[in-house]
Amino acid sequence: MPSGERGAAARHVAEAAVIESAVKDFAGAPAGYAADFGVTGDGRTLLVEINDGYSLGCYGLQHNLYAQLLSARWAELVGTEDECNFS
């Protein structure tokens with residue numbers, strides 16, 4: 001273990017490629033959702049859970065982006081036009 005990590009647990013960083021692949025491969029993904037990933041003690045990046053966008057909290061996301069996420073998912077659920085689709 002490097003000298004700076006003696007006596008402390010090794011820290012691992014999530015692999016962006018694993019996360020990007022999981023998002024890309026999510027067949028039938030809803031318009032808005034959150035995917036939680038974790039990193040194991042041996043450094044593997046794993047999907048922990050996926051939560052539907054209509055029931056997410058803001059958790060620091062920019063307010064306008066949060067509103068767009070909620071609007072997109074709600075419109076999808078009820079079959080209406082997404083009034084916040086500004087793209």
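User: Buried means under 20% relative accessible area, exposed means over 50%, and partly exposed is in between (1.4 Å probe, protein chains only). What relative accessible area does arginine 73 have?

Analyst: First, this is a predicted model: local features need pLDDT of at least 70, side-chain atom pairs count only at pLDDT 80 or more, and totals for chains, interfaces and linings use all residues. Residues are numbered from 1 along each chain as its sequence is written, and side-chain values use heavy atoms, with hydrogens and water left out. Arginine 73 counts as buried, with a relative accessible area of 11%.

User: What pattern does the protein chain follow along the sequence?

Analyst: Helices (H or I, at least four residues) and strands (E, at least two) are DSSP runs, numbered from the N terminus. The protein chain has two helices and two strands. Read along the sequence, they give α-β-β-α.

User: How far does α2 reach from its first C-alpha to its last?

Analyst: The expected span of a helix is 1.5 Å times one less than its number of residues. α2 has 16 residues, and its reach is close to the expected value. From first C-alpha to last, that reach is 22 Å.

User: What covers the buried residues of α2?

Analyst: The buried residues here are Tyr66, Leu69, Ser71, Ala72, Arg73 and Ala75. Contact means heavy atoms within 4.5 Å. The cover includes β1 (33–39) and β2 (45–52).

User: Which residues do salt bridges join into one network?

Analyst: A salt bridge is a side-chain nitrogen of Lys or Arg within 4 Å of a carboxyl oxygen of Asp or Glu, and by this rule there are four. One of them links arginine 73 and glutamate 76, with the closest N and O atoms 2.5 Å apart. These two are about one helical turn apart because they sit three residues apart in helix α2. Through shared partners, the network joins Asp52, Arg73 and Glu76.

User: How far is the nearest side chain of opposite charge from aspartate 82?

Analyst: Aspartate 82 is in the segment after α2 (63–78). For charge, Lys and Arg count as positive and Asp and Glu as negative, while His and the chain ends are not counted. Aspartate 82 is buried but has no salt bridge, and arginine 73, the nearest side chain of opposite charge, is at 11 Å.

User: What angle lies between the planes of phenylalanine 26 and tyrosine 33?

Analyst: Rings of Phe, Tyr and Trp (its six-membered ring) pair if their centres lie within 6.5 Å; planes under 30 degrees apart are stacked, over 60 edge-to-face, and the rest tilted. The whole structure has one aromatic pair. Phenylalanine 26 and tyrosine 33 form this edge-to-face pair, at 5.0 Å centre to centre and with a plane angle of 85°.

User: Is tyrosine 59 buried or exposed?

Analyst: Most residues other than glycine have a negative phi. Tyrosine 59, though, has a positive phi near 45°, and is found in the loop between β2 and α2. Its relative accessibility is 77%, so tyrosine 59 counts as exposed.
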